[in-house]
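Here is a short report on the fold and packing of one protein chain. Look over the sequence and the model before reading on.

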Amino acid sequence: MTAANEREIVVGADGSAGSAAAVRWALSEAAASGRTVAVLRAWTFDPLVDLESAVARSYEEIASRYRHELDATVARACPDAALAKVRTGAIDGAPGPALVRASAGAAMLVLGSHGHSRVLHLLVGSVSEYCLRQAYCPVVIVPARSAEERGPLPDARPDPLL
């Protein structure tokens, strides 16, 4: 049986502000828990539907580009991260189902509240909503803006009625 701190934290990343916040949160959690982090970008190579796939010479070309982008995201998120405890990769498939498959055996799945999806749901993006319902492990949804970026909480006391 695998100890909880040996299972990795899986992070879905797509280059959005929400996914960058998710990567930062996961790296912080990994530093505290001793876990490794897998930062993954899910996509489907379909030259008939996806412009990026259409102009690429091969599946490997896009997968390599995504891995380099993820490496840069990790470096920006936490320059001092123990990179030996972080792996990046491109995984084949639609983001929701691919990330759910990656969640099997993970300690947790970490996602941003909204990615690059054109259809945004009220509280979370469509991929986040799918993963919340289907993942094999706990799911953490990280808002794109941190508490520090939002500023102090408003005063909770209502104004007196006059």
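## Sheet, helices and contacts

Strand β2 (residues 37–43) and strand β3 run parallel and are joined by seven bridges. Strands count as paired when DSSP finds at least two bridges between them. Helices (H or I, at least four residues) and strands (E, at least two) are DSSP runs, numbered from the N terminus. Within this pairing, Val39 has Thr88 of β3 as its bridge partner.

The model is predicted: local features need pLDDT of at least 70, side-chain atom pairs count only at pLDDT 80 or more, and totals for chains, interfaces and linings use all residues. Residues are numbered from 1 along each chain as its sequence is written, and side-chain values use heavy atoms, with hydrogens and water left out.

The β2 and β3 pair belongs to an open sheet of five strands. Its order is β3-β2-β1-β4-β5, with parallel pairing. The edges are β3 (86–92) and β5 (139–142), each pairing on one side only. Neighbouring strands of the sheet are turned by 25 degrees against each other on average, direction ignored.

The protein chain has six helices and five strands. From the N terminus on, the elements run β-α-β-α-α-β-α-β-α-β-α. Of the 162 residues, 35% count as buried. Buried means under 20% relative accessible area, exposed over 50%, and partly exposed in between (1.4 Å probe, protein chains only). Contact means heavy atoms within 4.5 Å. Among contacts between residues at least 6 apart in sequence, 68% join residues at least 24 apart.

Now the helices on the sheet. Helix α1 (residues 17–33) lies across β1 (9–12), β2, β3, β4 (108–112) and β5. It runs at about 145 degrees to β4. Helix α3 (residues 59–77) lies across β2 and β3, at about 145 degrees to β3. Axes are lines fitted to C-alpha atoms, for helices over the stretch in contact, and angles run from 0 to 180 degrees between N-to-C directions.

Two helix pairs follow. Two packed helices are described by the angle between their axes and the distance between the axes.

| Helix pair | Axes come within | Crossing angle |
|---|---|---|
| α1 and α3 | 9 Å | roughly 65 degrees |
| α4 (residues 95–103) and α5 (residues 126–134) | 9 Å | roughly 40 degrees |

The crossing of α1 and α3 is right-handed. The crossing of α4 and α5 is right-handed. A crossing is left-handed if the near helix is turned anticlockwise from the far one by less than a right angle, and right-handed if clockwise.

Which residues make the contact of α4 with α5? On α4 they are Pro95, Gly96, Pro97, Leu99 and Val100. On α5 they are Val127, Tyr130, Cys131 and Gln134. By class, this contact has seven nonpolar, two polar and no charged residues. In the other pair, Val23, Arg24 and Leu27 of α1 meet Thr73, Val74 and Ala77 of α3. The contact of α1 with α3 divides into four nonpolar, one polar and one charged. Ala, Val, Leu, Ile, Met, Phe, Trp, Tyr, Cys and Pro count as nonpolar, Asp, Glu, Lys and Arg as charged, and the others, Gly among them, as polar.

Arg101 lies in α4. Leaving aside neighbours within four places in sequence, Arg101 is in contact with Asp92 and Gly93. Just after α4, Gly105 takes a positive phi of about 85 degrees.

Next, the rings. Rings of Phe, Tyr and Trp (its six-membered ring) pair if their centres lie within 6.5 Å; planes under 30 degrees apart count as stacked, over 60 as edge-to-face and the rest as tilted. The count comes to one aromatic pair. Trp43 and Tyr66 are edge-to-face, at 5.4 Å centre to centre and 75 degrees between the planes. The pair links Trp43 in strand β2 with Tyr66 in helix α3, 23 residues apart. Both Trp43 and Tyr66 are buried.

Helix α3 also holds Arg67. Is Arg67 buried or partly exposed? Arg67 is partly exposed, because its relative accessible area is 34%. Not counting residues up to four places away in sequence, Arg67 touches Thr88, Gly89 and Ala90. Arg67 and Arg41 are 26 residues apart in sequence and 8.0 Å apart in space, C-alpha to C-alpha.
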